[in-house]
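I opened the file to note sheets, helix packing and the ligand site. The entries follow in the order in which I looked things up.

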Amino acid sequence: MAQVQRMSRLMVKTLRDDPADAETLNHKLLVRAGYVRRTAAGIWTWLPLGKKVYENIARVVREEMDAIGGQEVLLPALLPKEPYEESGRYEEYGDLLFRLKDRKGADYLLGPTHEEIFTQVVKDQCSSYKDLPVILYQIQTKYRDEARPRAGVLRGREFQMKDSYSFDTTDEGLAEAYALHRGAYQRIFERLGLDYRIVSAISGAMGGSASEEFLAPAPAGEDTFADCPACDYAANTEAVTFALAPVDGSAHGPVEELDTPDTPTIETLAEHLGVPASATLKNLLVKVDGEIVAVGVPGDREVDLGKLGEHLAPAEVELVTAEDFEGRDDLVRGYVGPQGLEKVRYIADPRVAPGTAWITGANKQDKHAKNVVCGRDFEVDQYLDVVVVEEGDPCPACGTGLRLDRAIEIGHIFQLGRKYADTFQLDVLGKEGKPVRVTMGSYGIGVSRAVAALAEQTADDKGLCWPKEVAPADVHLVAAGKALQTELALDVAEKLGAAGVRVLVDDRAGVSPGVKFTDAELIGVPQILVAGRRSAEGVLELKDRRTGEREELTVDEAIARLS
Ligand code: ATP
Ligand code: MG
Ligand code: MG
Ligand code: MG
């Protein structure tokens, strides 16, 4: 017996107008159709219909995580600060962390992600190589004080994530756990009916090396990815800044390294270049320990040697000039290895279109802004490099022009390696009786965000339009008429329920058929069954929510079709 929900008793209030603050389709529709309610900025209440969709997604995630041997646990969201201090993330996360104190004044935080705590759990529970490998997961509420909570449940400050963690004694084991997750994620997103791409990504605050993202293309997405139409290359454009390699000119014309003195200082370098030490220079690229820290280009950006000298320990400075600093774009380009770096371009005039510029802070520590506009969001002096990948730039794998698309990050998988195991000295006793350091992976899916991503990808001009697996019901049965139709509809609903079909039946009295149809289309259950004029003769009308195709069926035919 599947559930029969009666609209007359369901707590759902549909709205005709978009909420004033809603910019994105999912936000507008999920609020208007009565799935979610805003409690505060980035903090959401799941109403009955929304909770159903959320739980359907969570169920698919659980089934596929269980299928790869994941064991479900539940860790607290309220966490002591010490483990995060040990890993350095208490500082690193900066304003993103919700911090609080208990009555005794001790420091706590609300967990943004749980690598530290999982590492401690396994350290406590596993002591021998025989206890590994292990995959643990939870579906749990996370807290991040996002700078711009927007787009409804797409970016919450409180949100639900499936996070899992793998623990292995060997690199091969980690690679296997990573592959298992990759496969499980493909099955999950397939089953949910999401259109998605797997792209190379950066590891960000997680640390670690290999990492891929699962992106759901949608205009409301806050990520931009480069996609090659000719081969399988795809990467988040974020990956560009972090994969930035020392410019070696290998791909684009000569970049000349100056023969610098043994212990270079700004003065000796200035002398070498034949300019005063206070000079401001164009056509100049400055690297410190292999990292680019300043770029001077023809036009409105230049390097002030005097200022640089104040900030840099002289011995660290290495100056490089690029011969091909002609024109206003295409100033510096670089390519790197297997993670696939696209063309990197330092631009002279960073007033680039929002959504295509990424700014990396001077200290390269998490000062990572997106969708920025120079002058409005940052001072040129504060930040030193701007990286832009543009539509049509050559694919690093095959040279074909790349396409750029907007997308929503729905999942992210990382091979962390031994970063957290090192922090917490997570060892197990190996086969030879010696301690072996454990290697880890961490893997996330935005479960609440997936509701929004699905809404974005599947909605049409009439409203939400869920794929069957996640829909809050299999069929929306509309009693379109007087008491007789309502009675008949409730009878059909019972029969459908008994046949295992999940029914939402609109049995509301005093609501016109027109309003009921509009609501049915807004709510977005995949099949709409109408008990109308001919229902007394036992004839119903079945309408496909997506295609609008209609056909007349007897009650028995409808039950056979829907079950
Ligand atoms: P984003 O780039 O969108 O800020 P992230 O890279 O910071 O996401 P991860 O740390 O990789 O996120 O977390 C794993 C998953 O959790 C993400 O892939 C995403 O689906 C989800 N997620 C992250 N932040 C939020 C949020 N604020 N609201 C809803 N879901 C989120
Ligand atoms: Mg984030
Ligand atoms: Mg991200
Ligand atoms: Mg991520």
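Which residue in β7 stands opposite L78? I found L110 there.

Ground rules first. The model is predicted, with local features needing pLDDT of at least 70 and side-chain atom pairs counting only at pLDDT 80 or more, while totals for chains, interfaces and linings use all residues. Residues are numbered from 1 along each chain as its sequence is written, and chains are lettered from A and ligands numbered from 1 in the order in which they are written.

I read the order as β5-β7-β6, an open sheet of 3 strands with antiparallel pairing. Helices (H or I, at least four residues) and strands (E, at least two) are DSSP runs, numbered from the N terminus; two strands pair if DSSP finds at least two bridges between them. β5 (78-80) and β6 (98-101) each have a single partner strand, so one side of each has no neighbour in the sheet. Neighbouring strands here are turned by 40° against each other on average, direction ignored. β5 pairs with β7 (residues 107-110) over 3 bridges.

Entry, mixed sheet. I traced 6 strands in the order β1-β28-β27-β29-β30-β31, an open sheet with mixed pairing. Its edge strands are β1 (4-6) and β31 (550-554), each pairing on one side only. V475 stands opposite Q527 in β29.

Entry, helix pair. The axes of α1 (residues 25-32) and α11 come within 8 Å and cross at roughly 100°; axes are lines fitted to C-alpha atoms, for helices over the stretch in contact, and angles run from 0 to 180 degrees between N-to-C directions. That makes α1 roughly perpendicular to α11 (65 to 115 degrees). I listed L25, N26, L29 and L30 in α1 meeting A452, A455 and E456 in α11, contact being C-beta atoms, placed from the backbone, within 7 Å.

Entry, ligand 1. I counted 16 residues around ligand 1, the closest being F159, H412, G444, G446 and R449; near means a C-beta atom, placed from the backbone, within 6 Å. β9 (158-168), β23 (403-417), β26 (439-446) and α11 (447-458) each supply at least two residues of this shell. The largest share, 4 residues, comes from β23.

Key: Parallel < 35°, antiparallel > 145°, perpendicular 65-115°, else oblique. Contact = placed C-beta atoms within 7 Å.
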